[in-house]
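Subject: Structure handover

Hello,

Please find the structure below. Notes on what was found in it follow.

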Amino acid sequence: MIPILITQFSQAGLGLIDTIMAGHLSPTDLAAVAVGVGLWMPIMLLFSGIMIATTPLVAEANGEKSPEKIATIARQSLWIAFILGVIAGLILQFTPLLLPLLGVPDTLLPKASLFLHSIGFGMPAVTMYAALRGYSEALGYPRPVTVISLAALVALIPLNFIFMYGLGPIPELGSAGCGFATAILQWLMFAILALYIFKSPSYAKTQVFKSWEKMNPYWVKRILKLGLPIGLAIFFEVSIFSTAAIVISPLGETIIAAHQIAISVTSQLFMIPMSLAIALTIRTGIYFGAKNLESMRKIQKIGFATGSVFALMTMAFIWFFRPEIAAIYTSDPEVAGFAMYLMLFALAYQLMDAWQISAAGCLRGMQDTKGPMWITMLAYWVIAFPVGVYLSRYTEMGAAGIWVGLIVGLGVACLLLILRLYSNNKKLALKFNTPLNS
């Protein structure tokens, strides 16, 4: 889990660096990045989330000891990833047209639009990198991805400076320059990981680039059948957090900037339970493929216990270090003060967040993705979104209202996903005549 955790922190750190560097330009630049990320993040995670299907499928084939199947899954995943990445990139070119319709202030439109246009060019690299990452991690080789992610974290800082402040023929783009820097970095990350997999003897038995395969309708259908619900489930959850900045955009730049800081903090901390969930998906998938139900349930129990401990530690961290955290992002006292207030809402849902993502990770390992998709849609868009919009725009709660909606949605998702996992365990126990409490 540790290499996966470092990878998740590093990848989330890319957004953290963007937010910090934009925050020290001006509240307007930070608000523009908040709006741009609010639209880019759901689209990016929807399409890259589909490629998470690579992980349980490779893990299952690994549990079955079928290396030839693993190579085929990886190659077919790359085909799908490339096509999905192109589609996502095209969508992002037209997304700025939505900004005026969503009530985004005119002062934010130019930089937010340029951010979306530029970052869209990196989308094919994002989805193909996600496919190769799932392949590598499911085989038990998470470290190459970790090293690349850490290197990218370091490389983003000078790239951001070049495009934000200008250098030679590159003009000064302010916060919008983050989009260009991120797109370039995503292509570099994909190229390096692909080259490593091609050269390393660790992947010799399941080498992706050893031979050429046309798109196989059977595997395309299976990957999309498993991956599309995963991508949509992630989209439903992340989009409710990301679009919150757009919902409260009429409240002003200071409120948006403070909200973006709080969202950035909780997104970073979410990488801990997310990493645990990925590890649970891999281990559950291996035991699911081997039909070892007893070990699969033990892993689930350990996962939930570990997630609870991490969540309690995260809550303590937020409570004691809110002033120091806010100071990292901004020197504006008004923005910092309101961000510290919003962090209390983030603190309130840490346990629920850890439990729901752990349950989702286990379910993905068992290749149950449709149920979680419908659960997340219900929890976040049927329940949380209306509650958040009403409280933030039609009551005196303001920005706090959207956070109350998020807490309600996470609570519903947590309860339903745990019940779904218990039901699946029960069905498998009956199918294989294994006691549930063994």
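In which hand of crossing does H2 pass H7? The crossing is right-handed, where right-handed means that the near helix is turned clockwise from the far one by less than a right angle, and left-handed means anticlockwise.

Before the rest, some background. This is a predicted model, in which local features need pLDDT of at least 70 and side-chain atom pairs count only at pLDDT 80 or more, while totals for chains, interfaces and linings use all residues. Residues are numbered from 1 along each chain as its sequence is written, and side-chain values use heavy atoms, with hydrogens and water left out. Helices are DSSP runs (H or I, at least four residues), numbered from the N terminus.

Helix H2 with helix H7

Helix H2 covers residues 27–50 and helix H7 covers residues 123–138; they pack at an angle of about 40 degrees, with their axes 9 Å apart. That makes H2 oblique to H7. Axes are lines fitted to C-alpha atoms over the stretch in contact, and angles run from 0 to 180 degrees between N-to-C directions. Angles under 35 degrees count as roughly parallel, over 145 as roughly antiparallel, 65 to 115 as roughly perpendicular and the rest as oblique.

On the H2 side, Trp 40, Met 44, Phe 47 and Ser 48 meet Met 123, Val 126, Thr 127 and Ala 130 of H7 (contact means heavy atoms within 4.5 Å). Six of the residues in the contact of H2 with H7 are nonpolar, two are polar and none is charged. Here Ala, Val, Leu, Ile, Met, Phe, Trp, Tyr, Cys and Pro count as nonpolar, Asp, Glu, Lys and Arg as charged, and the others, Gly among them, as polar.

Helix H2 with helix H12

H2 also packs with helix H12 (residues 253–289), at an angle of about 60 degrees and with the axes 8 Å apart. H2 is therefore oblique to H12, and the crossing of H2 and H12 is left-handed. From H2, the contact takes in Pro 27, Thr 28, Leu 30, Ala 31 and Ala 34; from H12, Glu 253, Ile 256, Ala 257, Gln 260 and Ile 261. The contact of H2 with H12 has seven nonpolar residues, two polar and one charged.

Helix H13 with helix H17

Helix H13 (residues 293–329) and helix H17 (residues 399–431) pack at an angle of about 165 degrees, and their axes are 11 Å apart. H13 and H17 are therefore roughly antiparallel to each other. H13 passes H17 in a left-handed crossing. In H13, Leu 293, Met 296, Arg 297, Gln 300 and Phe 304 meet Ile 418, Leu 421, Asn 425, Leu 428 and Ala 429 in H17. Of the residues in the contact of H13 with H17, seven are nonpolar, two polar and one charged.

Regards

Terms used
Helix = DSSP H or I, 4+ residues; strand = E, 2+ residues; numbered from the N terminus.
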